[in-house]
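Please look over the structure below.

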Amino acid sequence: MRQPELLFYQFDEGVTAFSTTRQGGCSEGRYGEFNINRYCGDSEEAIRQNRSLLCRLLGIGDDRLIMPHQVHLTEIAVVDEAFLQLSDDERLARLEGVDALMTDVAGVCIGVSTADCIPVLLYDPVCRAVCAIHAGWRGTVQRIVAKAVAKMTAVYGTRPADLVAQIGPGIHLDSFEVGDEVYDAFAHEGFPMESISKKFFTLHSSLFTSKWHIDLPECNRQQLLSAGVPGERITVSPICTYQQSDRFFSARRLGINSGRIFTGIVITSKKQ
């Protein structure tokens with residue numbers, strides 16, 4: 001069994017941040033090869049082995065690898081020492097319906113699962129706190145990223161100007177075709193449609209048809225800017241999961257019964 005191949009992000013000394021790829025591990029078929037998400041139909045044994053591989057690579061125990069059950073809303077959970085003392089059942093209940101996690105505890109990897117949706121990682125180098133956010137189109141419309149910044153401020157005293165942000169692999173503008181109802185949802189919530197959407201025209205049977213496309217990474221970048229995160233501290237991955245589904249899971253390419261990317265962040269040590 002091969003080690004998982006991770007895409008690493010540069011944040012700071014004592015912080016490890018990454019997205020998993022499809023390479024490494026032991027899942028098969030549309031879950032192949034590396035999937036640790038328990039909510040998409042993969043084999044429990046494959047998930048167990050893959051989690052073990054990832055934990056060994058990160059140097060943490062399995063109980064320190066925390067993943068929520070996401071539902072495309074804006075609930076944000078804080079992983080603190082009290083959370084870590086909960087039983088497995090209590091943890092599962094606390095993580096149900098959660099789409100973002102934050103922690104300032106060292107040695108705990110928090111993360112979110114995506115397969116075209118947008119993962120966003122935040123790091124506060126002053127308060128030494130981190131956050132992992134799942135931003136699908138519904139969460140993006142509800143401004144989950146802005147809400148996460150506000151919650152970090154409330155919980156840790158984070159100043160948005162101190163934050164460093166990484167927007168990870170997800171579906172990009174050219175590939176994210178949406179119905180009019182999705183376009184209308186963004187417009188209704190006041191998003192600047194001229195900069196986050198584009199109409200694509202297709203010739204079919206001698207007739208032109210048109211469909212709106214939405215730029216989800218840009219939507220979330222703009223939310224970070226509006227929340228006070230400096231533009232030079234925001235990095236956007238150039239990877240489109242739909243276009244690179246051989247390396248990253250894409251639900252639009254593979255179907256919803258397929259694997260998920262795990263985008264995680266862990267404070268490996270406190271600064272001296």
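Buried means under 20% relative accessible area, exposed over 50%, and partly exposed in between, with a 1.4 Å probe and protein chains only. The model is predicted: local features need pLDDT of at least 70, side-chain atom pairs count only at pLDDT 80 or more, and totals for chains, interfaces and linings use all residues. Residues are numbered from 1 along each chain as its sequence is written, and side-chain values use heavy atoms, with hydrogens and water left out.

**Leu58**

Helices (H or I, at least four residues) and strands (E, at least two) are DSSP runs, numbered from the N terminus. Leu58 lies in helix α1, which covers residues 44-58. Its relative accessible area is 15%, so Leu58 is buried. Contact means heavy atoms within 4.5 Å. Beyond its neighbours within four places in sequence, Leu58 touches Thr16, Phe18 and Cys109. Leu73 is 15 residues away along the chain, and the two C-alpha atoms are separated by 29 Å.

Two strands pair if DSSP finds at least two bridges between them. An open sheet of 5 strands runs in the order β1-β2-β14-β6-β3, with mixed pairing. Its edge strands are β1 (6-9) and β3 (65-66), each pairing on one side only. Within the sheet, β6 (residues 109-114) and β14 (residues 261-267) are antiparallel over 6 bridges. Thr114 sits opposite Ile261 in β14.

**Strand β8**

Strand β8 (residues 129-135) has 7 of its 7 residues buried, so it is largely enclosed by the rest of the structure. In a regular strand the side chains alternate between the two faces of the sheet. One side of β8 carries Ala129, Cys131, Ile133 and Ala135; the other carries Val130, Ala132 and His134. Both faces are covered.

Its pairings are listed here.

| Partner of β8 | Sense | Bridges | 
|---|---|---|
| β5 (residues 100-103) | antiparallel | 4 bridges |
| β7 (residues 118-124) | antiparallel | 7 bridges |

Val130 is the bridge partner of Thr103, and Tyr123 also stands opposite Val130. β7 and β8 form a hairpin with 4 residues between them. In that turn, Arg128 has a positive phi of about 55°.

**Cysteines**

How many disulfides are there? A disulfide is a pair of cysteine sulfur atoms within 2.5 Å. By this rule the count is 0. For Cys40, the closest cysteine sulfur is in Cys117, 13 Å away, so it is too far for a bond. Cys40 is buried at 4% relative accessible area. For Cys131, the closest cysteine sulfur is in Cys109, 13 Å away and too far for a bond. Cys131 is buried too, at 0%.
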